Amino acid sequence: MAKAQFGNKTPKKPITWTALKQMSRMYVHVKPYRGEFLVGLLMLLLSSGSNLAFPKYLGELVDAAQTDPSAIDGIALTLILILLAQSVFSFGRIFFFERVAQRSLASLRSAMYNHLVSLPLPFFHEKRIGELTNRLQSDIGVLQETFTSTLAEFIRQIVIIVGGIALLVYQSPSLTGFMLLVLPLVVILGVAFGSRIRKYAKDVQTASAESNTIVDETLSAVATVKAYTQEGFEKNRYRTALDHVAALGIRGGIYRGAFSSFIILGLFGALVAVIWKGASLIATGEMASGQLFSFVIYSGFIGGSVGGLADVYSRLQRAMGATEAIMAMLDEQPETSNPQPETSNQQSAASNQQPAVTFRNVHFAYPTRPDVPVLQGLNLEIREGQQCALVGSSGAGKSTVVQLLYRFHDPQQGELLVQGRDARDWPLDELRGRMAWVPQDVVLFGRSILENIRYSRPEASDEEVRRAAEDANAWEFIERFPDGWNTQVGERGVQLSGGQRQRIAIARAMLRDPKLLVLDEATSSLDPESESLVQGALETLMRGRTSLVIAHRLSTVRHADVIAFIHEGQIAEMGSHDELMQLDGGRYRAFVQKQWNGTLTSH
Ligand SMILES: Nc1ncnc2c1ncn2[C@@H]1O[C@H](COP(=O)(O)OP(=O)(O)O)[C@@H](O)[C@H]1O
Ligand SMILES: [Mg+2]
């Protein structure tokens with residue numbers, strides 16, 4: 001778990017011009033709020049400025065005690081006013097930056113999501129979904145932090161370092177020179193030291209997570225460990241891992257101890273050095289004691305800011321990484337109706353006289369596995385009103401045919417025509433809008449049953465949804481739920497049985513009233529009773545409708561108008577059930593006989 005989270009962390013990227021240019025593309029989302037951003041920026045400058053004024057008056061207060069006691073109250077009041085101003089500016093800075101960040105990031109997030117859903121299916125096959133949600137969650141989170149705090153901190157640090165040094169030089173050039181010789185060196189060493197220690201702590205954490213894996217793994221499979229009498233082996237393995245963790249931890253302890261000595265000697269040593277030098281300046285009358293007092297506080301501010309810069313720098317690098325990842329995603333090409341403009345010159349027209357679907361010599365391999373041809377010259381024609389069954393062994397390419405029909409992928413060779421018109425010439429939403437698909441594994445949305453059915457036609461009336469559910473043989477079980485069709489189905493629909501999910505998917509397809517119905521093994525994972533219910537629903541759905549039915553059960557297939565048997569990426573046999581059963585040595589016949597034997601032996 002801990003390991004996975006490490007892995008999800010946005011990687012750092014160097015801050016380069018290209019990276020900054022990438023980041024500037026984000027500006028469109030900030031632009032509507034640029035006025036507020038500038039106000040926030042002003043507030044930030046004012047609050048950092050008033051922060052700088054503070055030590056100066058503190059020093060004057062100390063001096064006033066010796067030189068002019070009547071000024072004490074006035075200076076104290078000024079200090080209070082400065083604090084007041086600073087608190088107002090600081091509130092305003094956070095308020096405005098947060099408003100800008102929240103709204104511009106919502107705009108960026110929604111632009112990313114809009115882009116994501118427009119991307120072609122292969123994109124999602126190549127990426128893990130976790131990686132994509134990570135873009136939306138943690139990468140944007142990094143940017144949010146950048147806009148709300150990192151940027152502000154960075155600017156404040158610069159103001160304090162530059163302004164602070166300027167003020168110090170004004171007060172005492174020689175002491176400033178001395179301080180600048182000592183302090184930054186110590187701070188930078190300290191930062192480098194600190195990051196060493198953090199890296200070390202991470203190593204310890206990783207090693208300790210690894211040792212935990214041994215415990216997890218062996219305890220959850222403890223029967224296997226015992227059955228093979230490997231207890232001794234596992235004990236040793238765990239002990240070795242523990243010794244490794246301990247050794248790393250001890251070395252880390254040495255670093256931490258050294259770090260603390262370094263802080264004592266280095267940081268406080270530097271402080272002593274500055275005060276020593278300052279005291280000698282006071283002794284010669286070159287400096288007032290209040291000045292030294294404010295000088296030390298300024299030095300502390302500057303030291304703190306120099307130290308903080310390293311952290312800010314590493315956070316900015318992470319923001320570069322996030323930007324790069326987000327922009328790479330936004331640069332992905334969305335799916336288009338017509339990826340090859342040249343075909344549009346001779347745009348084919350759709351017509352009802354033409355076959356509903358024609359595959360002509362189609363060759364296809366998945367882009368993720370270009371060397372494995374799936375379809376190799378597939379020819380298939382489904383006429384208007386015809387029920388076509390597609391049969392073949394598992395992995396033969398049946399579902400792939402559906403993927404092409406929906407244009408989730410395009411064939412590499414050959415033609416796919418829908419009503420005589422090249423599938424690529426159809427507007428995508430029109431092409432997909434005329435079909436309904438009951439997929440092999442139905443995944444529902446974690447919403448209500450009603451919302452799931454209505455998904456195919458959001459404007460459908462309650463009455464129409466109800467009729468679709470009845471036709472799908474789903475109404476009975478829906479009615480039995482206490483909440484009826486408002487029943488929540490749980491994440492991905494897990495609170496329903498496979499058969500129930502499938503009947504809801506069928507109701508959804510029915511509600512669509514499609515021109516072409518595509519059923520992909522819609523009854524494959526069902527017990528006989530649900531199967532007969534679903535089967536009945538399917539027959540209602542298919543009546544008088546052009547349909548492509550993928551099935552390996554005889555009961556679904558045998559009444560189809562035409563059966564196509566797919567083998568090695570081609571249609572090997574095609575005809576009615578009776579015709580194909582006549583073929584001596586036919587593949588379909590062998591397939592049917594195997595099922596009969598299976599039925600005989602398994603019952
Ligand atoms: N998204 C994918 N990427 C790469 N290969 C795939 C993908 N989907 C399916 N395949 C491969 O394509 C072949 C045909 O798969 P499919 O059409 O799902 O077969 P089926 O006839 O069982 O429905 C199989 O060898 C499968 O491994
Ligand atoms: Mg399949």
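Predicted model: local features only at pLDDT ≥ 70, side-chain atom pairs only at ≥ 80, totals over all residues.
Trainee: Which residue in β4 stands opposite His363?
Mentor: Strand β1 is also joined to β4, by 5 bridges, and the two run antiparallel. The residue of β4 opposite His363 is Gln413.

Trainee: What is the bridge partner of His567 in β10?
Mentor: Strand β9 (residues 562-567) pairs with strand β10 (residues 570-575) over 5 bridges, in the antiparallel sense. In β10, His567 has as its bridge partner Gln570.

Trainee: Which residue takes a positive phi in the hairpin of β9 and β10?
Mentor: Most residues other than glycine have a negative phi. This hairpin has 2 residues between the strands, and a positive phi near 50° is taken there by Glu568.

Trainee: Where is Gln419 found, and is Gln419 buried or exposed?
Mentor: Gln419 is not a glycine, yet its phi is positive, about 50°. Gln419 sits in the loop between β4 (413-418) and β5 (421-422). Because 22 C-beta neighbours lie inside 10 Å of Gln419, this residue counts as buried.

Trainee: How many other C-beta atoms lie within 10 Å of Asn473?
Mentor: Asn473 is another residue that has a positive phi although it is not a glycine, with a value of about 55°. Asn473 lies in the loop between α15 (462-471) and α16 (475-480). A residue is buried if 20 or more other C-beta atoms lie within 10 Å of its own. Asn473 is therefore buried, as the number of other C-beta atoms within 10 Å is 21.

Trainee: How many Å does helix α5 reach from its first C-alpha to its last?
Mentor: Helix α5 (residues 72-118) has 47 residues. At 1.5 Å a residue, the expected value is 69 Å. The computed reach is close to that, at 68 Å.

Trainee: What covers the buried residues of α5?
Mentor: The buried residues of α5 include Phe89, Arg93, Phe96, Phe97 and Val100. Residues three or four places apart in an α-helix point the same way, because there are 3.6 residues a turn. The cover over the buried residues of α5 includes α3 (27-30), α4 (34-67) and α7 (129-171).

Trainee: Which helix gives the largest share of the shell around ligand 1?
Mentor: Ligand 1 is surrounded by 13 residues, and the closest are Tyr366, Ala396, Lys398, Ser399 and Thr400. The shell divides into 3 nonpolar, 8 polar and 2 charged residues. Its largest share is 3 residues, and these come from helix α12 (residues 398-405).

Trainee: How many Å apart are the C-alpha centres of domain 2 and domain 3?
Mentor: The domain assignment of the protein chain gives domain 1 (1-160 + 314-334), domain 2 (173-286) and domain 3 (351-602). Between domain 2 and domain 3, the C-alpha centres lie apart by 61 Å.

Notes
Residues numbered from 1 in each chain as written. Chains lettered and ligands numbered in written order. Near = placed C-beta within 6 Å. Helix = DSSP H or I, 4+ residues; strand = E, 2+ residues; numbered from the N terminus. Nonpolar A, V, L, I, M, F, W, Y, C, P; charged D, E, K, R; others polar. Expected span 1.5 Å × (residues − 1). Buried ≥ 20, exposed ≤ 12 C-beta atoms within 10 Å, placed from the backbone. Contact = placed C-beta atoms within 7 Å. Domains from an automatic or database assignment. Pairing = 2+ DSSP bridges.
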